[in-house]
Protein chains: 2
Amino acid sequence: MDYDRPLFFRVMQYADAADRDVVDMVSGNPDWAPPEALREGLREFADREPEAFQYSASEGDRPLRAAIADRHGVDTESVFVTNGTAEANHVATACALDAYPGDEVLLTDPVYPYYAGRNDLLKAETRYVDADADGHLDPDRVAEAIGDDTAVVVVNSPNNPTGAVYGRETKRALVDLCEDHDACLVSDEVYDAFDHSGRFTSALAFDSPNRVVTNGFSKSMAITGLRVGYCVVPAHLQDAVRTRHMLTTIAASRPAQAAVLRALRETPDAYYEANRQLVEDRIETFTAALDEAGADYTAPEGSFYVLVRFDGFPGTLENVERLIDEAGVAGMPGEAFGSSRTEWLRFALVTPRVDEAAARLTDYLG
Amino acid sequence: MDYDRPLFFRVMQYADAADRDVVDMVSGNPDWAPPEALREGLREFADREPEAFQYSASEGDRPLRAAIADRHGVDTESVFVTNGTAEANHVATACALDAYPGDEVLLTDPVYPYYAGRNDLLKAETRYVDADADGHLDPDRVAEAIGDDTAVVVVNSPNNPTGAVYGRETKRALVDLCEDHDACLVSDEVYDAFDHSGRFTSALAFDSPNRVVTNGFSKSMAITGLRVGYCVVPAHLQDAVRTRHMLTTIAASRPAQAAVLRALRETPDAYYEANRQLVEDRIETFTAALDEAGADYTAPEGSFYVLVRFDGFPGTLENVERLIDEAGVAGMPGEAFGSSRTEWLRFALVTPRVDEAAARLTDYLG
């Protein structure tokens, strides 16, 4: 895989340049609205005294850290606010590589490609563990792969791109394996608001010095552009995380932190549930059309992606470009997500035109 | 030097906990107001459609990149918007270390301590070049130090902590030295709005593939908390910078980018000049009092810091704490800035009570 210029951008540029109407199902950008309290938080920030415009504490504004800690039932000291979940994953992976023996990071295949690119940047070795056909991760396969060289195991549930939600036993087993092998689990839970299965369990359910949880508000509040993420870090890694975060970006952007805090305090559960239900409805619409077309797909238990395989139409970049030009639907090629899904395409359900997209796909390929 | 937990934070915490009124001259946080158009930009952003809340291009919002490029007379493609000047320095240094032979980074002494900490994170060797007594950098000393192992030379002018503004000839010589030794100049120019000497020259004045310029709006717009910086990158490093930035934080926060863009477009020159003049007036007030007390100091040509040496009162952390408790003035110990200024204290002119601070210091030490 080549991560120098992620395929996302090539595909998005290609779709933008297309000489026809295209339903955009490429990116992970929600098309629904952020909470009203988030907008109100930005307006409120705009009127604040000059001091509010200066650096927050590097660890994040204290009230925001406290609100996050409260949500998860953890110590405020363990919460570090970062520039998006990306920086949380970056800092957590880098610090875990420094703190644990070995220079290998285990990832799943299919994989969110930024994890692998980041390992290259950090000069770590990447080893892939194949997920099951339905996207689940079998801890026995992790047990076979984990070894003395393994410093970090990065997992993502609800998963991008498979939509799999790892159950409680899987998370427990992953924490145990990391404890047994002197490694660190980095559990990216950024899609936790989009658990359609009711089976999601945070790695925070298992108290352990061998796990970091990363998360953020990009998906749950539909604000990928605000860059507010966080990691929950065990005591022995906190100084390293603080230092690395400080030397990488110093702190997260303060209007964004203030807006998220207000939204955390004032947004009713109904906001999150309505958006999750919207995605669930789109999944039903999209997969019903795929059923009709006889396509193979993974029904997502969480997140907002559907992996699809059309007979005789492998998920290459070339075929993705054909779908844009000839069917008017833009997805992502499976090759972007590792070596196990090169036959597949990923469609993000971040458009109100899911039914239109399904009709176009089935007309073209059905 | 120990960068695990910067001294800034220890001193600020100590000052906050003091049982008396303390004039805070510790941090580089301006106490003046951001441009009104910046506040207006935040309000405008708060009302935008949901799409505006999603990821900007990783390189930054195009209109902001174009406005920055226009300001400097460079190609828009060469401008990358980052999460503060800190991330610009982080990414530029890391990419230059990868691209150029050797693993050594030259820094000046006195030094802004985050540069040195960052080198440790990036597993680079740090070599210091002593600045002159007045804070200027003699290119002949850089010529003596630069060698086959040198991949990067990081300089900062107007300088923190010395206030020195390197002249045109120095910048030219630094670019030439980097060209001659297959190294990269990283020129941090974040204090360029605070040039009291009229001698500031950007490294962008010299077209060269061997220099990156980093900058941001933290100081010029008094918004250290918004985290909007940028780097101007030669063509051969652009792919590497794009990738590393993407894998570190993906993009900068979008409300902050929108606010800075509006402020760039609408803020009159008088805003910048008024704040620069405010600092110049504070410099005069503060140094006049130091003259009266017979203290030794470096009169800053730029930025907003004054290095001071009081006879028989070296700039140790212990003495900084004594000044907080017994004089009610908080500065930074010289040892935070390398080994050449351990006798000195740094005071940041970011308080309207500069005269009060000067009186307290001269009463206590005069």
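Start by selecting A:N29, which counts as buried at 17% relative accessibility (buried is under 20% relative accessible area, exposed over 50%, partly exposed in between, with a 1.4 Å probe and protein chains only). You're looking at a predicted model, where local features need pLDDT of at least 70, side-chain atom pairs count only at pLDDT 80 or more, and totals for chains, interfaces and linings use all residues. For finding your way, residues are numbered from 1 along each chain as its sequence is written, chains are lettered from A and ligands numbered from 1 in the order in which they are written, and side-chain values use heavy atoms, with hydrogens and water left out.

**Around A:N29**

A:N29 sits in the loop between strand 1 (23-24) and helix 2 (36-46) of chain A. Helices (H or I, at least four residues) and strands (E, at least two) are DSSP runs, numbered from the N terminus. Now show A:T224: its side chain makes a polar contact with the side chain of A:N29, at 3.0 Å. A polar contact here is a pair of N or O atoms within 3.5 Å; within protein, one must be able to donate a hydrogen and the other to accept it, and residues adjacent in sequence count only if both atoms are side-chain atoms. Leaving aside neighbours within four places in sequence, A:N29 is in contact with A:T224, A:V350, B:Q54 and B:Y55 (contact means heavy atoms within 4.5 Å).

**The two chains**

Zoom out and colour by chain.

**A sheet in chain A**

Next, pick out the open sheet of 4 strands in chain A, with order 9-10-13-12 and antiparallel pairing. Strands pair if DSSP finds at least two bridges between them. Strand 9 (296-298) and strand 12 (332-333) are the edge strands, each pairing on one side only. Helix 10 (residues 269-293) of chain A packs on the sheet, touching strand 9, strand 10 (305-309) and strand 13, and its direction makes about 5° with that of strand 10. Axes are lines fitted to C-alpha atoms, for helices over the stretch in contact, and angles run from 0 to 180 degrees between N-to-C directions.

Stay with strand 13 (residues 345-348) of chain A, which is joined to strand 12 by 2 bridges and pairs with strand 10 over 4 bridges. Click A:R346: A:M332 stands opposite it, and A:R346 is also the bridge partner of A:L307. Which way do the side chains go? A:L345 and A:F347 point one way from strand 13 and A:R346 and A:A348 the other way, and all are buried.

**Backbone stops**

- A:S157 to A:P158: a cis peptide bond, omega near -5°. A:P158 is in the loop between strand 5 (150-156) and helix 7 (168-180) of chain A.
- B:N160 to B:P161: also cis, omega near 20°.
- A:K123: a positive phi of about 60° although it is not a glycine. A:K123 is exposed, at 59% relative accessible area.
- B:R227: phi near 60°, positive in a residue other than glycine. B:R227 counts as buried at 1% relative accessibility.
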